[in-house]
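Me: I would like to go through this model with you. Could we begin with helix packing and then move on to the overall picture?

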Amino acid sequence: MILGIALALGAVIGVLLGLLGGGGSILAVPALVYVLGLNISQAIPMSLIVIGVASAVGAVPKVLAHHVQWRLAGIFAATGIPATFLGTAIGRHLPQPALLIGFALVMVVAGVRMLQDKGDTGTACTVGDSGINWRRCAPRSLPAGFIVGLLTGLFGVGGGFLIIPALVLMLGVEMPIAIGTSLLIIVANSAAGVVSHLGGAGIDWPITAAFVGTAIVGSLVAGHYGTTLDTGRLQRWFAYLVFVVAAYVLVDTIFLH
C-alpha cells in the first residue's frame with residue numbers, strides 16, 4: 001500500500017519537475033512527511049536522492065546541447081557543498097517543528113519567486129558577446145551558492161527556485177544556460193546532502209526507489225508532451241498550491257501538535 005502511494009507521489013512530483021523545472025521538487029518533503037508518515041530526518045535525504053537523480057537525468061540533454069556554464073556551476077558548487085554539510089549539522093540540532101516551520105517559510109519564498117518570474121535577464125556579469133566578466137561575477141556567485149547549499153542541507157530542497165533567479169537576474173545568464181547550469185548545481189548539492197545525512201535516520205530504500213523511478217518517468221513524459229502547454233499559467237497555479245501546502249504545514253505544526 002505504502003509503495004503504491006510512493007509510486008503515485010513520485011509520478012506527480014516527476015510531472016511537476018518536467019513541466020516546471022526544479023521548483024516542482026519542493027513538494028517532495030511535505031509528501032513524504034504528511035502522506036507517507038515519515039519524520040523529516042528521513043524525508044530530507046530521501047527527497048535529496050529524488051531531486052539529485054531527477055536533476056541528473058534532466059541535465060544530460062542540457063550538457064549535450066552545451067547549455068551549461070561549467071565554471072559558474074563550479075563556483076556555486078565550491079561554496080554550496082560545504083554549506084550543505086553545515087546546513088545538515090545545524091538541522092541535526094533543531095527539533096522537527098522548527099525544521100517544518102522553516103521549510104514552510106522556504107516554500108512561501110519559492111511561491112513568491114514563481115509568481116514574480118517574468119523571464120527578465122540581468123546584465124551584471126555579461127560583457128557584450130564576449131561572455132562573462134569573472135571578476136564581477138565570482139563575488140556575486142559565492143554568497144548565492146552558499147545560501148542555496150545551506151538550504152539544501154537544512155531542508156532537502158534543490159534550490160532551483162533561487163539558483164535560476166540568481167543566474168538570470170544577478171549574473172545575466174541566458175535562461176537556457178541558467179536551467180542547465182542550475183541542474184548541475186542541484187546534482188552536486190544534493191549528492192553532498194545525501195552524504196551528509198547518511199549518519200542520521202535510516203533511508204527507506206524501497207520507498208525511495210519507487211519515488212525515484214516514477215519521478216523520472218513522469219518528468220521525461222511531462223517534459224516531452226508539456227511543450228505545448230502554457231507553462232506561465234501552470235507556474236502560477238503551482239505557486240498557489242505551494243502556498244496552500246505551506247499554510248497546512250504551519251497550521252499543523254503550530255496549532256495541531
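**Helix packing and overall architecture**

Reply: Helix α3 (residues 40–64) packs against helix α9 (residues 205–225) at an angle of about 30 degrees, and their axes are 9 Å apart. Axes are lines fitted to C-alpha atoms, for helices over the stretch in contact, and angles run from 0 to 180 degrees between N-to-C directions. Helices are DSSP runs of H or I with at least four residues, strands are E runs of at least two, and both are numbered from the N terminus. This is a predicted model, in which local features need pLDDT of at least 70 and side-chain atom pairs count only at pLDDT 80 or more, while totals for chains, interfaces and linings use all residues. Residues are numbered from 1 along each chain as its sequence is written, and side-chain values use heavy atoms, with hydrogens and water left out.

Me: Are α3 and α9 roughly parallel or roughly antiparallel?

Reply: α3 and α9 are therefore roughly parallel to each other; angles under 35 degrees count as roughly parallel, over 145 as roughly antiparallel, 65 to 115 as roughly perpendicular and the rest as oblique.

Me: Which residues of α3 and α9 meet?

Reply: From α3, Met 46, Ile 49, Val 50, Val 53 and Val 57 meet residues of α9 that include Trp 205, Phe 211 and Leu 220. Contact means heavy atoms within 4.5 Å.

Me: Changing topic, how many helices and strands does the protein have?

Reply: The protein has 10 helices and 0 strands.

Me: What does UniProt list as "transmembrane region"?

Reply: The unreviewed UniProt entry lists residues 72–91, 97–115, 144–171, 177–195, 207–225 and 237–256. UniProt positions are given in the numbering used here, feature names are shortened, and annotations may be inferred rather than shown by experiment. In the model, residues 72–91 are 100% helix, with the end C-alpha atoms 28 Å apart. Residues 177–195 are also 100% helix, with their end C-alpha atoms 28 Å apart.

Me: Is Ser 182 buried or exposed?

Reply: Ser 182, found in helix α8 (residues 175–197), counts as buried at 2% relative accessibility. Buried means under 20% relative accessible area, exposed over 50%, and partly exposed in between, with a 1.4 Å probe and protein chains only.

Me: Which residues does Ser 182 touch?

Reply: Not counting residues up to four places away in sequence, Ser 182 touches Gly 160, Ile 163, Ile 164 and Leu 167.
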